[in-house]
Amino acid sequence: MENPMEIDFNEFKLRCQLRGHEDDVRGICICGTEGIATSSRDRTVRFWSLDPSDKRKFLLSKILLGHTSFVGPVAWIPPNEQYLEGGIVSGGMDTLVLIWDLRTGEKVHTLRGHKLQVTGVTLVDGDIVSSSVDCTLKLWRNGEAVESWEAHTTAIQTVIKLPSGELVTGSSDTTLKLWKGKTCLRTFSGHTDTVRGLAMMADLGILSASHDGSIRLWALSGEVLMEMVGHTSIVYSVDSHSSGLILSASEDCSAKIWKDGVCVQTIEHPGCVWDAKFLENGDIVTACSDGIVRVWTRHHDNIVDASEHEAFLAHLSEYKISRKRVGGLKLDELPGLETLQIPGTKDGQTKIVREGDNGVAYSWNMREVKWDKIGEVVDGPDDAIKRPIHNGVEYDYVFDVDVGDGEPVRKLPYNRSDNPYDTADKWLLRENLPISYRQQIVEFILVNSGQKNFNFNPSFRDPYTGSNAYVPGEPSYTSGNKPKPTFKHIPKKGMLVFDAAQFDGILKKLTEFNNAFLLDPDQKNLSLTEGEIARLNAVVKVLKDTSHYHSISLADIDIALLLKLINRWPVAMIFPVIDILRIVALHPDGANLLLKHAQSDGKDSLIEMIQKVTAGPVLPANLLTSVRTLTNLFKNSFYHNWLQGHRSEILDAFSSCYSSTNKFVQLAYSSLILNYTVLLIEKKDEEGQSQVLSAALEIAEEENLEVDSRFRALVAIGSLMLEGLVKKIAVDFDVASLAKKAKTSKDSKIAEAVKHSCEDGHTMSNVIWSSQPKYMTQPLGSPGAYEQEPFKVYFQWLDSGYMMKHMDMNETIELAKFL
């Protein structure tokens, strides 16, 4: 391979920085020579135009507001008769595709149809094609979906159009597919993880970026023409230029420029680089998780002023220091030189202190009563700590294990040449820990040491049974059952209900509304008769007497009356009736009668109620009482099929509740989501779990919501991650960013929940953590091949099980890597 130093290449340097987004910048669209469109987690699309007074810079000219969750893919509509100054198409986590007129900055179309996050948008002969985590492609024309088909069996991550008109999709199933209309012409297989980004390389083929850390160039025949490996984490996007250069963006906080398959420049960033695109003149644009869009150039006259360049380098240095580790410790957490003013406690005691950008080790000299400088502490490549020492012996790995309860940290040493079963047995015996944890320890060792395909030595004998060790995937002949691990918050079991009621207030409000009908000649026919008032009072009396629910029944006429009032009364006056229905749902006999009457005469009164209360204008009181009523229905198993069957209608109808300004509506909605989580896990309903996961993430990522609402959403996410069928989809929903933010929440309840929901919700056998990305920059066995550092794991023993959390992880690894 050609040496990069011998390639004629002029490096890119900072041209300008575009500030305005308030959160991660996720997507970039180059709008010809008109400007740049960017999308963000802040729910906006922003359009930047060239600064007429300084051609190096861009000015913010439009902020496009309309999405209710983070925005991802963006595409440009060139100027035409309909869009005189061009338009923008954007897709979001909110499942919507929006079309914008750049002349006015207004939204002109809202395209509804996808069930989950929209991941890609592209233009095809004036139509729009969108891809989604729901596995479908949709073709939109004049604001309507005219075609829709399932293009992959798992989430679609991206879609592009080739100059010849065909479509190419990339998916979490690790493949690319070439489409002509709805017909798949070819499947490209080769990546070992999600295909996240695609681009066309003129006259050559298709570029793909993958979670496996590589970029590939494919011929349209399916042949791999070139593989580019150099990123140390997920590659999110790829682009090409007519000059032959290739550009990639990665979670490893860099954009890389490639020429002839060789990386010729790495541009470091102070955060994850979500997207990168070439401008027509060859300059590049990058989107970073620090909320800043940066433009880079090779034209000397366009380079940023020295002062701004120095400020960027200082910002980058601060970020790298915050991530740098010395001896496994964060550099910015090391004490300063002032700590050396404190005498040591014993001869040879060592301390690592921060001196500038380095960690320096000192040893306490008892005889001379001073700290002697040993030297600078240097970690290996990627901060990997090689050949740790335990009791004077070097090992490949030494795992730190904290069993809690004030016990000291215990060390688990391991060499790759050791038999992991033997190691586990001896360690458990030495540490006086239950042998029932044996297989979990073995699996932990195997995966964390990179020995997933460990070949079992048949000569090994179990010191406890005298038999061969249990091998994963093989039949077990032991009579003992491994205890199931338990966690504090997840998985959620049982259903939440709203059982408190102010019956006097309910009756008072019903009387007030009824009197208003009596005084209005036009609505007098809606008023209650004396007999109906008596029935309502009787119903309330029964519902108040909770201790006799088992022996007191409600009558058919009672349920019929409540449903009649909900159907006939004006929408602004039905909330007290729905509130009675909420408690009826908790009464065994009443709930049965409600189901029978609600589905009589070929109609569904409950669905009609939902449609009535969610038709505009929406009243918070109606939302609150109806969502609470639906939440209570989960208590009775005979409603479960109905709730599952109408899941999509119900969640779609109430999807705006998470953004309500009423905290009680927020809490009711998050409780509904949590109950659906429990039900759909039990039913093994993958499609339903996907929709619930999407809804829970919308709640959890909304930092201004009431704490208990976010907490319940996080518990739902954790439960789905632990026992659901949507672990793969969670990657595509960017759960890692959510976890990273929630972990630093000032509210202890949220911080605690995310530890369980986004870290601890996994047994030791299926969650193996590394503080380094699991990618190889060189072939195995070659000099400099990536080596994982030892894992640091805490065990907290809880009841009959334990929970595990990785205490020292790279926050940018996507949550799916936990799984």
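Contact here means heavy atoms within 4.5 Å. By that criterion, and leaving aside neighbours within four places in sequence, Tyr 676 is in contact with Phe 634, Leu 643, His 646, Arg 647, Ile 650, Leu 651 and Val 692. The model is predicted.

**Nonpolar cores**

- The largest nonpolar core holds 94 residues, and the members that touch the most others are Trp 569, Phe 654 and Tyr 676.
- Helix α13 contributes 10 residues, the largest share of this core.
- A second core is separate and has 18 residues, among them Leu 247, Val 273, Ile 284 and Leu 316.

**Largest pocket**

- The volume of the largest pocket is about 1,400 Å³.
- Its lining consists of 48 residues, of which Ile 28, Ile 160, Leu 198, Asp 239 and Lys 277 are the closest to the pocket centre.
- Seven strands are listed as each supplying at least two lining residues: β2 (25-31), β6 (71-77), β10 (118-124), β14 (156-161), β18 (195-201), β22 (235-240) and β26 (273-278).
- Strand β18 gives the largest share of the lining, 6 residues.
- Sorted by class, the lining has 25 nonpolar, 15 polar and 8 charged residues.

**Ser 670**

- Ser 670 counts as buried because its relative accessibility is 0%, and the buried class covers values under 20%.
- Apart from neighbours within four places in sequence, the contacts of Ser 670 are Ile 699, Ser 709 and Arg 712.

**Glu 22**

- Not counting residues up to four places away in sequence, Glu 22 touches Asp 42 and Arg 46.
- Glu 22 and Ile 292 are separated by 270 residues in sequence, while their C-alpha atoms are 8.7 Å apart in space.

Technical notes
Residues are numbered from 1 along each chain as its sequence is written. This is a predicted model: local features need pLDDT of at least 70, side-chain atom pairs count only at pLDDT 80 or more; totals for chains, interfaces and linings use all residues. Side-chain values use heavy atoms; hydrogens and water are left out. On a 1 Å grid over the protein atoms alone, a cavity is a set of points where a 1.4 Å probe fits but cannot get out, and a pocket is an open set with protein on both sides within 12 Å along at least five of seven lines; lining residues have an atom within 4 Å of a point. Grid points are joined across faces, edges and corners, and a volume is the space filled by probe spheres set on the points. Helices (H or I, at least four residues) and strands (E, at least two) are DSSP runs, numbered from the N terminus. Ala, Val, Leu, Ile, Met, Phe, Trp, Tyr, Cys and Pro count as nonpolar, Asp, Glu, Lys and Arg as charged, and the others, Gly among them, as polar. Buried means under 20% relative accessible area, exposed over 50%, partly exposed in between (1.4 Å probe, protein chains only). A nonpolar core is a set of buried Ala, Val, Leu, Ile, Met, Phe, Trp, Tyr and Cys residues joined through side-chain atoms within 4.5 Å.
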